[in-house]
Amino acid sequence: SLVLGIETSCDETSAAVVQDGHILLSNVISSQMEVHRRFGGVVPEVASRRHVERITMVIQEALDRAEVTQEDLSAVAVTQGPGLVGALLIGVSAAKALSFAAGLPLVGVHHIAGHIYAGHLVKPLRFPLVALVASGGHTELIYMPSHNRFERLGRTRDDAAGEAFDKVARVLELPYPGGPHIDRLAKKGNPTLDLPRAWLEPDSLDFSFSGLKSAVINLLHNARQRGESVDAADLAASFQESVVEVLVEKAIRAVREKDVEELVLAGGVSANSGLRNELSRRCQQEGIRLRIPPLELCTDNAAMIASAGTYRHLERQYAGYDLNAVPNLPLVP
Ligand code: ATP
Ligand code: FE
Ligand code: MG
């Protein structure tokens, strides 16, 4: 099968062609990061307009690079949600138009399902597995017994991990997006400052990062009031350690609870060197197979959507032309 994927849930306009669910033929990503940087975050209206301007070109380029035509395709898969509604709608409309014009079945894909399938494009996923998806908008632990089957084990109750990185970076007056800057700064410091870990209820696999963010702000504020200075590198290292410790601990706990052998890491925060190192170390120690896709597949892209969409296509889970963008689409209906 040959599936075209389309992704426009946030600030990347992307289209890709994937063969048999796991062979990447093309993956075109047009990022809007530069456009949003001066606003310090993604501006929804600006994102939608950009998607409109780019989408047709990006789809054509994905077909060209894969050296296929519309007629060769088996299905069109598109991110249905979650995401910014105005942004999602551009992809959904484009997918419907292509599906109608080329007579192709239409598949709606959940964005988080896509993130997990990023790992499938490197080496076929081995089920059952647990996935930790940590990005600018999501922090979730998902259990997958087999293809196309998902169970949510935990999620953030407030800020996403990436969002916490970006907010703390802003407090430290680092550029947007702040995650990579905190990561770099943390390497120069030591985790000497006392910051909280949000474990929540003893058996909970949920996350919470807003308290940590507030603790960082309070720490800076109090130091300033006392006329003391805080070492930014130490603060970055302490903050990162707190986030990483909770992410790693809960991911390992989820793997143990579900008794699986494979852990998949996905989402933009998987670029974080502290998270990679600590998760690798713990997985090795515990005999867990850890899969971290390359970075260009960890951040938003359409190849992961095409891959996840292939397994819906194989089960004939098609959408009609009434397919709508759903900003808070649940992973399991
Ligand atoms: P979505 O949740 O819809 O995927 P998104 O586009 O914001 O939204 P990604 O593009 O997957 O998410 O990831 C971007 C996030 O990852 C940002 O919050 C960014 O700060 C964070 N990030 C990127 N590199 C690092 C890093 N080295 N350390 C920590 N965080 C990082
Ligand atoms: Fe994403
Ligand atoms: Mg992004």
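**Getting to know a predicted model**

Q: Which residues is glycine 137 in contact with, leaving aside its neighbours within four places in sequence?
A: Glycine 137 is in contact with Cys10 and Ala160 once those neighbours are left aside. Two residues are called in contact if their C-beta atoms, placed from the backbone, lie within 7 Å.

Q: What kind of model is this, and how are residues, chains and ligands numbered or lettered?
A: This is a predicted model, in which local features need pLDDT of at least 70 and side-chain atom pairs count only at pLDDT 80 or more, while totals for chains, interfaces and linings use all residues. Residues are numbered from 1 along each chain as its sequence is written, and chains are lettered from A and ligands numbered from 1 in the order in which they are written.

Q: Why is glycine 137 called buried?
A: A residue is buried if 20 or more other C-beta atoms, placed from the backbone, lie within 10 Å of its own, exposed if 12 or fewer, and partly exposed in between. Glycine 137 has 21 such atoms, so it counts as buried. Its place is the loop between E6 and E7. Here helices (H or I, at least four residues) and strands (E, at least two) are DSSP runs, numbered from the N terminus.

Q: Why do histidine 115 and aspartate 300 count as buried?
A: Histidine 115 has 32 other C-beta atoms within 10 Å, so it is buried. Aspartate 300 has 28 C-beta neighbours inside 10 Å, so it counts as buried. Histidine 115 is in helix H4 (residues 111-117), while aspartate 300 is in the loop between helix H10 (295-298) and helix H11 (303-314). Leaving aside neighbours within four places in sequence, histidine 115 is in contact with Val133, Ala266, Gly267 and Met304.

Q: Which residues are closest to ligand 1, and what classes make up its shell?
A: Ligand 1 is surrounded by 23 residues, of which the closest are Gly136, Gly137, Gly162, Gly179 and Gly268. A residue is near a molecule if its C-beta atom, placed from the backbone, lies within 6 Å of it. By class, the shell has 6 nonpolar, 13 polar and 4 charged residues. Ala, Val, Leu, Ile, Met, Phe, Trp, Tyr, Cys and Pro count as nonpolar, Asp, Glu, Lys and Arg as charged, and the others, Gly among them, as polar. H5 gives the largest share of this shell, 4 residues.

Q: What makes H5 mostly covered?
A: Of its 11 residues, 9 are buried. Among them are Ala161, Gly162 and Phe165. The buried residues of H5 pack against strand E6 (129-134), strand E7 (139-144), H6, helix H7 (210-225) and helix H8 (232-258).

Q: How do you know that H5 is roughly parallel to H7?
A: Two packed helices are described by the angle between their axes and the distance between the axes. Axes are lines fitted to C-alpha atoms, for helices over the stretch in contact, and angles run from 0 to 180 degrees between N-to-C directions. Angles under 35 degrees count as roughly parallel, over 145 as roughly antiparallel, 65 to 115 as roughly perpendicular and the rest as oblique. H5 and H7 pack at an angle of about 10°, with their axes 10 Å apart. That makes H5 roughly parallel to H7. The contact involves Ala164, Lys167, Val168 and Val171 of H5 with Leu212, Lys213, Val216, Ile217 and Leu220 of H7. By class, this contact has 7 nonpolar, no polar and 2 charged residues.
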